[in-house]
Each structure stands twice: as C-alpha cells, then as structure tokens.
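Please read the briefing below alongside the sequence and the 3D view.

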Amino acid sequence: MTITLSVIKADIGGYVGHSESHPDVLAKADENLAKAKGEGLLIDYHVTKCGDDLQLIMTHQQAEDSEKIHKLAWGTFVDCTQVAKKLKLHGAGQDLLSDAFTGTVKGLGPGVAEMEFEERAAETIIIFMADKTSAGAWNMPLYKIFADPFNTIGLVIASNMHSGFTFEVHDVKEHKKITFNAPEEIYDLLVFIGAPSRYMVKAVYHRETGEIAAASSTQRLSLMAGRYVGKDDPVCIVRSQGQFPAVGEVLEPFTLPLLVEGWMRGSHHGPLMPVAIVDSTPTRFDGPPRVTSLGFQLSGGKLVGPRDMFADKSFDNARQQASDIADFLRRHGPFEPHRLPLEEMEYTTMPQVARKLEGRFIDLD
Ligand code: F6R
Ligand code: MG
Ligand code: MG
C-alpha cells in the first residue's frame with residue numbers, strides 16, 4: 001500500500017508569549033482534520049504541538065505536494081488563527097505570510113516534511129519537531145543517524161545497511177541542490193552541512209533500495225519574508241528499523257544537546273534540549289531550543305501511537321547538560337558566540353537598529 005506521510009506546521013499564535021500552544025487552537029485543528037478524515041481525504045491524523053508551533057501529522061494517498069492536502073493544512077491554520085485572534089494570543093497568524101492560498105503551502109510560511117513510500121510489513125516512523133531553532137538543526141543528527149558508525153552500529157554490522165545512504169542537500173540561499181553518497185563522500189558532505197544556516201539535509205535515501213529514509217522541512221522564514229518574522233522551527237520524518245537505523249540509533253544523536261541558532265529573538269545560539277511534548281514549553285530566555293519526538297507504527301496508513309520518545313528517563317542527562325550549557329552561554333549576554341554572527345543577524349531585527357546609527361559612523365584616517 002502506497003502511503004504519503006505529511007507533516008505540516010506553523011506558528012499561528014503563542015500562549016503565553018511564544019512559549020506554548022493554546023488547547024483551543026489544537027482542538028480547532030483536530031476538528032478540521034477529523035472532518036477531512038470523515039470525508040476520506042485523510043486516512044489518519046494526529047494533531048500536536050512543539051512549543052508555540054501547531055503540528056499537523058497526516059497520512060493519505062494524495063502523494064507529496066498535493067493541493068488538496070496543502071489546502072486542508074492552510075485552511076486549518078487560517079481557522080486556528082481566528083481562534084488565536086479571539087483569545088488575543090501572541091503573534092496570531094505570525095507564520096502565514098500570504099492572504100491567499102496558491103496551491104501549495106510552500107513559500108507561504110508553514111514548514112513541510114513529506115514522504116511517499118510503500119508501507120512495509122512493520123513501518124516504524126519517528127517524527128522530530130523543534131521550537132526556537134532553524135531548519136539546519138537536523139544536519140548533525142541526520143549525519144550521525146545515517147553516516148556515523150560511532151552512532152549507528154548498524155552501518156557496520158547490519159548487512160542491509162552496510163552499503164550506506166545518499167544525502168540530498170539544499171543550498172537555501174542559492175536555491176540549488178546536490179547529492180552525496182555516504183560513506184565515501186562524507187568529507188565533501190561535511191564541508192557543506194557543517195554550515196547549517198545555508199546548507200540543509202532535505203532528504204536521505206537508502207543506497208541499495210533507493211527508498212526514502214528521511215525528509216525534513218527546509219523552509220527558512222526569514223528568506224521567504226525578506227525580514228525577520230520568527231524562527232523556522234523545523235520538522236523531520238525518519239523511517240526506522242529493518243533496512244533503516246533502529247529506533248535507538250535514530251534517537252541517540254539527541255543525547256548531545258547540540259548548539260543551534262534561534263534562541264531569544266532568533267538571534268542566539270543555544271543547546272537543543274530533547275523533551276517530552278508536555279515539556280516543550282520554552283520559557284527561560286524564551287528557550288532554550290527544544291526538540292520533541294513522536295514514534296508511530298503505521299498500519300494501512302493508520303497512525304498507531306504516538307509514543308513520546310523523549311519522555312524516556314535516559315534523556316535526563318542530556319536535559320541536564322542542556323541546562324548547564326544554557327547557564328554558561330547566558331553569561332555571555334549580548335556577545336558572540338552566544339549572539340549569532342553578524343551575517344546571520346542580518347536576518348533578524350538588527351538591520352533596523354544598524355540603519356538608525358548609519359550616519360554616526362565617520363571614516364578612520
Ligand atoms: C524566538 C522567539 C522569541 C521572540 C521574542 C520577541 O524565536 O520566538 O524569542 O523573538 O519573544 O517576540 P515579539 O517580537 O513577538 O514580541
Ligand atoms: Mg511564536
Ligand atoms: Mg515556534
């Protein structure tokens with residue numbers, strides 16, 4: 001059975017500030033998707049949140065980039081924005097950059113990760129969702145999952161994974177893409193994905209079978225809007241078990257609270273803290289950045305689950321480390337490298353301040 005899994009998300013209003021999603025907004029989204037399921041457009045769905053981001057997880061048979069599915073997501077975000085406006089939630093409708101739907105949500109503000117595949121006898125899926133960070137946050141975890149034998153022992157000792165994986169990398173500034181084969185091209189791959197604000201892993205494929213293994217959202221809000229409107233807060237889908245890395249290999253990279261951009265005003269680096277859905281409530285200095293993870297088994301497209309994968313106690317150390325790193329970084333206040341480098345600050349609110357002071361600069365001798 002060919003199934004498409006679509007994860008489409010948007011920040012359509014925060015409660016309180018940018019720290020959480022309001023239950024009434026989630027309830028409205030649930031109502032809309034239940035109707036679409038009743039009408040047969042969706043096979044199944046799950047509505048959730050990561051911090052102030054509303055997440056629509058949907059299975060269907062309309063393929064990727066389906067106008068019907070994107071229209072459903074867009075309409076749901078618009079309806080939820082009405083709820084957010086009524087409650088006067090903060091930044092109601094902030095990620096909806098257009099007044100009109102144009103056939104796809106791509107380029108209109110929401111983030112999208114989609115993949116179509118033939119459902120296996122047991123189809124294990126892990127969905128990652130992040131808040132207060134940008135789309136490149138998945139680069140290091142995806143590299144570790146699919147190319148690093150110190151993370152994924154299956155690459156070494158499982159015959160169905162030994163041939164490696166192909167990485168599709170997008171240059172989001174030049175709108176170009178390139179593919180790299182791991183393991184033999186990992187040095188070339190790392191030249192690019194080690195710079196995650198520009199180069200992002202869009203998808204990963206199994207080398208031998210060509211099957212899709214992972215797909216991420218690479219939409220960068222600031223590049224779409226031409227100004228700072230909020231962070232991308234990306235999502236990523238990973239297939240697991242069998243010819244793909246095991247659940248434990250997929251989750252393992254998040255034991256490192258890696259430094260990502262997007263904390264406070266989208267202008268600071270901070271540690272990515274793995275948390276249960278209920279703990280995706282970034283409040284300290286509007287953070288630190290969070291990542292959540294839901295696991296499902298698919299059965300004829302039905303989403304059996306979710307299991308909240310980071311609710312596990314074995315991530316307590318990572319959370320403690322993230323808090324310690326947060327303490328350390330915060331002591332740098334407005335200084336780099338806590339604050340983003342100048343080039344990245346161009347995409348935040350800084351240019352307005354810089355413009356105001358332009359005339360006060362005088363030439364050095
Ligand atoms: C970070 C984030 C917040 C806001 C900050 C100011 O990604 O969302 O740190 O940037 O709370 O928010 P506004 O400008 O909406 O008052
Ligand atoms: Mg927000
Ligand atoms: Mg957010």
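How many of the residues of strand β3 (residues 53-60) are buried? Strand β3 is mostly covered, with 8 of its 8 residues buried; buried means under 20% relative accessible area, exposed over 50%, and partly exposed in between (1.4 Å probe, protein chains only). The model is predicted: local features need pLDDT of at least 70, side-chain atom pairs count only at pLDDT 80 or more, and totals for chains, interfaces and linings use all residues. Residues are numbered from 1 along each chain as its sequence is written, chains are lettered from A and ligands numbered from 1 in the order in which they are written, and side-chain values use heavy atoms, with hydrogens and water left out.

**Strands**

- Helices (H or I, at least four residues) and strands (E, at least two) are DSSP runs, numbered from the N terminus.
- In a regular strand the side chains alternate between the two faces of the sheet.
- From β3, Asp-53, Gln-55, Ile-57 and Thr-59 point one way, while Leu-54, Leu-56, Met-58 and His-60 point the other way.
- Strand β1 (residues 2-10) runs antiparallel to β3 and is joined to β3 by 7 bridges; two strands pair if DSSP finds at least two bridges between them.
- Strand β2 (residues 44-50) also pairs with β3 in the antiparallel sense, over 7 bridges, and Lys-49 stands opposite Leu-54.
- β2 and β3 form a hairpin with 2 residues between them, and Gly-51 in the turn has a positive phi of about 60 degrees.
- β1 pairs with β4 in the antiparallel sense over 8 bridges.
- Lys-9 has Gln-55 as its bridge partner in β3 and Gly-111 as its bridge partner in β4.
- In strand β4 (residues 111-118), 6 of the 8 residues are buried.

**Metal site**

- Asp-11 (OD), His-18 (ND1) and Asp-52 (OD) coordinate the magnesium ion (ligand 2) at 1.9 to 2.2 Å.
- Donors are N, O and S atoms within 2.8 Å of the metal (3.2 Å for Na, K and Ca); water is not among the atoms, so sites may look incomplete.
- Along the chain, the donors of ligand 2 follow the spacing D-x6-H-x33-D.
- Asp-52 bridges the magnesium ion (ligand 2) and the magnesium ion (ligand 3), which lie 4.5 Å apart.
- Asp-11 is buried, at 2% relative accessible area, whereas His-18 is partly exposed, at 26%.

**Surface**

- Ile-153 lies in the loop between α3 (139-147) and α4 (154-157), and is partly exposed with a relative accessible area of 43%.
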